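Have the model open and follow along.

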Amino acid sequence: MSELSVKHLLGIKYITESDIQLIFETADHFKEVINRPIKKVPSLRDITIANLFFENSTRTRLSFELAEKRLSADVINFSASQSSVTKGETLVDTVNNILSMKVDMVVMRHPNPGAGVFLSKHIKAAIINAGDGAHEHPTQALLDAYSIREQLGEVAGKKVVIVGDILHSRVALSNIFALHKLGAEVMVCGPQTLIPKYIGELDVRVETNLLKALEWCDVANMLRIQNERLDISYFPSTREYTQQYGLTKEILYSLGKEIIIMHPGPINRGVEITSEVADSSQSIILQQVENGVAIRMAVIYLLASKLQ
């Protein structure tokens, strides 16, 4: 298969394992490109991409922007916090205004779950979901799974634990979908208050004891505590959370085996993970960042090739 089965990347839920493998193979090629002295390719010279961020984001926005520029696309950046959206303009109005500028593709982060799906029904441009509320963040899950494949050779059969605030995390949900499609076993670990009720329907194991989870896994993906989404208190204090779920060098060394440590960033150093662990040889956090550009280049390139 040399093309994606979808016109948009709205969520991992909507794509197939073949789509994921195609994205990975394409990312392999772009990873070679971004390690060359001349890092640009002229692939999308006549494509215009609008980055619409209705929520603050530094890392994801920069990663997408770099990917777009590496492909020689024309890029429009739109930050909704500084726009007419704050004056009451609707999502469709905003996008139609941008599309009247003849945009081919939209990369969108939005606080409302399903915003990308809604948009795909109203406009012609290809849509890439860069995070919609606590729903999905597909490119993050793709780069996480790609990083596991790079380190361990394949994802199938590997045991991956996702630790932390599962309830509010779009990264966790997209990761669960991606890992399952690629044949990995998945466990979630965190305080009971941060494990969603629907988790049982997703065929994942649940563990509230961090040490037991780490003894089980090959890979631990440590999520950030999302203070901006915690409208009520889900645990007594950050200090107590860290005592129970913070990953330290001592815990890592006590396992008697090497596991891979991942983090979608930005890291709260000293909360979910100590600096010693984040900067250790078992951590692939910086590789995830590098892989993020290659994966986003692959997704943009493959979706652009489907534009009529």
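This is a predicted model: local features need pLDDT of at least 70, side-chain atom pairs count only at pLDDT 80 or more; totals for chains, interfaces and linings use all residues.

You'll find Gln288 in helix α11, which covers residues 285–304.

What does the side chain of Gln288 make a polar contact with? The partner is the side chain of Asp144, at 2.8 Å. Skipping the neighbours within four places in sequence, Gln288 is in contact with Gln140, Leu143, Asp144 and Ser147, plus Met262, His263 and Pro264.

## How α5 meets α11

Gln288 is also one of the residues through which α11 touches α5. These two helices, α5 and α11, pack at an angle of about 120°, and their axes are 9 Å apart. The crossing of α5 and α11 is right-handed.

On the α5 side, the contact is made by Thr139, Gln140, Leu142, Leu143, Asp144, Tyr146, Ser147, Glu150 and Gln151. Facing them from α11 are Gln287, Gln288, Asn291, Gly292, Ile295, Arg296 and Val299. Sort the residues of this α5–α11 contact by class and you get five nonpolar, eight polar and three charged.

Leu142 belongs to helix α5. Its relative accessibility is 0%, so Leu142 is buried, the cut-off being under 20%. Once neighbours within four places in sequence are set aside, Leu142 is in contact with Leu9, Ile12, Ile20, Ile23 and Phe24, and also with Ile295 and Val299.

The crossing of α5 and α6 is right-handed.

Which residues in α5 meet α6? They are Pro138, Gln140, Ala141, Asp144 and Ile148, and they meet Val171, Ser174, Asn175, Ala178 and Leu179 in α6. By class, this contact of α5 with α6 has six nonpolar, three polar and one charged residues.

Asn129 sits in strand β4. Is Asn129 buried or exposed? At 3% relative accessibility, Asn129 counts as buried.

The side chain of Asn129 has polar atoms close to two backbone atoms: the oxygen of Leu10 lies 2.9 Å from one such atom, and the nitrogen of Gly131 lies 2.7 Å from one. Apart from neighbours within four places in sequence, Asn129 is in contact with Leu9, Leu10, Met108, Glu136 and Pro138.

## Ile123, buried in a loop

Ile123 lies in the loop between α4 (115–120) and β4 (126–132). At 8% relative accessibility, Ile123 is buried, since the cut-off is under 20%.

Leaving out the neighbours within four places in sequence, Ile123 is in contact with Val95, Asn96, Leu99 and Val106. Then there's Val92: Ile123 and Val92 are 31 residues apart in sequence, and their C-alpha atoms are 8.3 Å apart in space.

Notes:
Residues are numbered from 1 along each chain as its sequence is written. Side-chain values use heavy atoms; hydrogens and water are left out. A crossing is left-handed if the near helix is turned anticlockwise from the far one by less than a right angle, and right-handed if clockwise. Helices (H or I, at least four residues) and strands (E, at least two) are DSSP runs, numbered from the N terminus. Contact means heavy atoms within 4.5 Å. Ala, Val, Leu, Ile, Met, Phe, Trp, Tyr, Cys and Pro count as nonpolar, Asp, Glu, Lys and Arg as charged, and the others, Gly among them, as polar. A polar contact is a pair of N or O atoms within 3.5 Å; within protein, one must be able to donate a hydrogen and the other to accept it, and residues adjacent in sequence count only if both atoms are side-chain atoms. Axes are lines fitted to C-alpha atoms, for helices over the stretch in contact, and angles run from 0 to 180 degrees between N-to-C directions. Buried means under 20% relative accessible area, exposed over 50%, partly exposed in between (1.4 Å probe, protein chains only).
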